[in-house]
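Please read the numbered points with the model in view.

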Amino acid sequence: VSSSIRSSCMLQQIASRARELLASLTLLEESSEKRVFLRSREETESDCIAVFFTALEALMKHEKSAQEARQVPAEKTKAELFHVIFSPTFTGTALSCSVLTTWWIRNKGASGLSLSRVLSSLGLGPLDFLKLSRRFCSQVPCIPPCAAKFVAISQQQVIDSLAWTPNSSLVKALSGTKHENARKAEVQSFMAMMLGLASMRIRELGAMLRLSPVATERVWTTFKVVLSNHWDLFVDRRMDQVLLCCVYSTSKLLDLKLSFKGIVQAYLQSAHLQQQSYAELLPNLYRSVRIRAETSVDLIEFYNRVFVPTVRTSLMQNPDHVFSSVVRDA
């Protein structure tokens, strides 16, 4: 399969799509200090296509090894490999990762590339991107570690918000409007990744706030209850907005004397917010939380008007919880 990748008419069409996508992206980015110039558009496109085909060959090599490990007959293996490589989702995700990699290499991580725009241009859903991009980072050789980290940060953006848009496949699956078995497995995988990311951020924030292990564990438990019983709180919002509400609710339950302002100030020192792609979200992350289609409020008002009324019953099912109704300090 590998030897026929570059000669495939279909994949040449995909390469053409890559050039069209790159042509639509801004190749000049204004920064506060200087204008960052990329190499010529033709060279950038050529680099992206080279990364793309290298990625396809590496991913297919691993796919073939996995088939052989399962002792799949050679003819069936070949047929399945062709099915995979001609899948628009597979090739589109490989292309999106190649675009991200090339952008970082040529632009040194400068802002200006919208992941949602890339996925939309390629007709990819966030869950599709998330599934294969993890393999891209681990299986494709010669990708600079910082470029792989850039792709990994893009995965976090999917978990944070892109997967939670109102019409996403994730939301439709959770709403019961999509019943494909494949989607059920993807939803379970996504939830596991989201919990892993949330756990890491809760531990980091707990350390910065000097929370005890018991308090940090209570925040973690609260987050899991909210995600399990009230996943709709995440729709059209960012994961961290709900996470901060979980931290504050725990501080009230345990009488930790933490203000919302103090929690947010500590949160702003989080490692992921030092990345440029996240730093640009501030301060809207805590000043603009969607409560209706065209209405946004600050995080404290969201806590009082939406979070508390929604989760009160779930948290009070635990006899150790005496839930505070509203925020009375900033």
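1. Helix α4 packs against helix α7 (residues 145-160) at an angle of about 125°, and their axes are 9 Å apart. α4 is therefore oblique to α7, since angles under 35 degrees count as roughly parallel, over 145 as roughly antiparallel, 65 to 115 as roughly perpendicular and the rest as oblique. The crossing of α4 and α7 is right-handed. Helices here are DSSP runs (H or I, at least four residues), numbered from the N terminus. Axes are lines fitted to C-alpha atoms, for helices over the stretch in contact, and angles run from 0 to 180 degrees between N-to-C directions. A crossing is right-handed if the near helix is turned clockwise from the far one by less than a right angle, and left-handed if anticlockwise.

2. The model is predicted: local features need pLDDT of at least 70, side-chain atom pairs count only at pLDDT 80 or more, and totals for chains, interfaces and linings use all residues. Residues are numbered from 1 along each chain as its sequence is written, and side-chain values use heavy atoms, with hydrogens and water left out.

3. The second largest pocket has a volume of about 300 Å³. A pocket is an open set of points on a 1 Å grid over the protein atoms alone, where a 1.4 Å probe fits, with protein on both sides within 12 Å along at least five of seven lines; lining residues have an atom within 4 Å of a point. The volume is the space filled by probe spheres set on the points, which are joined across faces, edges and corners.

4. Which helices supply the lining of this second largest pocket? α3 (74-85), α4 (88-107) and α6 (126-139) each supply at least two residues, and α6 gives the most, with 4 residues. The lining includes His83, Phe90, Asp128 and Arg135. Its residues divide into 3 nonpolar, 4 polar and 5 charged.

5. Ile49 is placed in helix α2 (residues 41-69). Ile49 is buried, because its relative accessible area is 8% (buried means under 20%, exposed over 50%, partly exposed in between, with a 1.4 Å probe and protein chains only). Ile49 and Ser98 are 49 residues apart in sequence, yet 7.7 Å apart in space, C-alpha to C-alpha.

6. Arg210, in the loop between α9 (181-208) and α10 (213-229), has a positive phi near 60° without being glycine; its relative accessibility of 77% makes Arg210 exposed. Asp236, in the loop between α10 and α11 (239-253), has a positive phi of about 65° although it is not a glycine, and Asp236 is partly exposed at 32% relative accessible area.

Technical notes
Ala, Val, Leu, Ile, Met, Phe, Trp, Tyr, Cys and Pro count as nonpolar, Asp, Glu, Lys and Arg as charged, and the others, Gly among them, as polar.
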